[in-house]
Amino acid sequence: MTGKVPPIYELRIYEIFENNKKNFHDRFRDQAMLIMKKYNFKISSIWESKSDKKTEFVYLLEWNDEATMKKAWEQFRADKEWIEIKKQTSAKFGDLIGSIEDRVLTKMDYSPY
């Protein structure tokens, strides 16, 4: 055993609206992901989930530890470019996101992957 601490994962679930879905995806793909990259966000995978009640945008992030995750989110949320992008897209399209769920996941030692 090397004593290496395993990474933690963060599951983010955003309620998105059908009438604004394209605008949300455009902003996330073309702008948010580029800014996240500046702060070393490691996005493992991205999904969309749809039920009778709502459409959700789901993505999984991998982090070295919780302190790194918290610092990166603070930097991202304070990023002047991101603040301006959110302001502009909200003025143009209205709300792109409803509720947000955020879960930190710790992998179990018996997990197959």
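Rings of Phe, Tyr and Trp (its six-membered ring) count as a pair if their centres lie within 6.5 Å, with planes under 30 degrees apart called stacked, over 60 edge-to-face and the rest tilted. By that rule, ring pairs link Tyr14, Phe24, Phe28, Phe57 and Tyr59 into a cluster. The model is predicted: local features need pLDDT of at least 70 and side-chain atom pairs count only at pLDDT 80 or more, while totals for chains, interfaces and linings use all residues. Residues are numbered from 1 along each chain as its sequence is written, and side-chain values use heavy atoms, with hydrogens and water left out.

The protein has three helices and four strands, where helices (H or I, at least four residues) and strands (E, at least two) are DSSP runs numbered from the N terminus. Along the sequence they follow the pattern β-α-β-β-α-α-β. The C-alpha atoms fill a box of roughly 55 × 35 × 20 Å, taken along the principal axes. Of the 113 residues, 32% are buried; buried means under 20% relative accessible area, exposed over 50%, and partly exposed in between (1.4 Å probe, protein chains only). Among contacts (heavy atoms within 4.5 Å) with a separation of 6 or more, residues 24 or more positions apart account for 71%.

The aromatic rings come next. A search of the whole structure finds 13 aromatic pairs. One of them joins Phe24 and Phe57 in an edge-to-face arrangement, 4.8 Å centre to centre with 70° between the planes. Because Phe24 lies in helix α1 and Phe57 in strand β3 (residues 55-63), this pair ties together parts that are 33 residues apart in sequence. Phe57 also pairs with Tyr59, and this pair is tilted: 5.5 Å centre to centre, 45° between the planes. Phe24 and Phe57 are both buried; the relative accessible area is 2% for Phe57 and 0% for Tyr59, which is buried as well.

A ring also takes part in a contact of another kind. The charged end of Arg12 sits over the ring of Trp73, 4.2 Å from its centre; the criterion is NZ of Lys or CZ of Arg within 6 Å of the ring centre and within 35 degrees of the ring normal.

The largest pocket has a volume of about 340 Å³. On a 1 Å grid over the protein atoms alone, a pocket is an open set of points where a 1.4 Å probe fits, with protein on both sides within 12 Å along at least five of seven lines, and lining residues have an atom within 4 Å of a point. Grid points are joined across faces, edges and corners, and the volume is the space filled by probe spheres set on the points. Of the 19 lining residues, Arg27, Trp82, Lys86, Ile97 and Ile100 are the closest to the pocket centre. Two or more lining residues come from each of β1 (8-16), α1 (21-38), α2 (66-78), α3 (80-93) and β4 (97-106), and α1 gives the most, with five. The lining divides into 12 nonpolar, two polar and five charged residues. Here Ala, Val, Leu, Ile, Met, Phe, Trp, Tyr, Cys and Pro count as nonpolar, Asp, Glu, Lys and Arg as charged, and the others, Gly among them, as polar.

Two single residues complete the tour. Asn20, in the loop between β1 and α1, is buried at 6% relative accessibility. Leaving aside neighbours within four places in sequence, Asn20 is in contact with Phe93, Gly94, Asp95 and Leu96. Glu81 lies in helix α3 and is partly exposed, with a relative accessible area of 46%. Not counting residues up to four places away in sequence, Glu81 touches Ile35 and Lys38.
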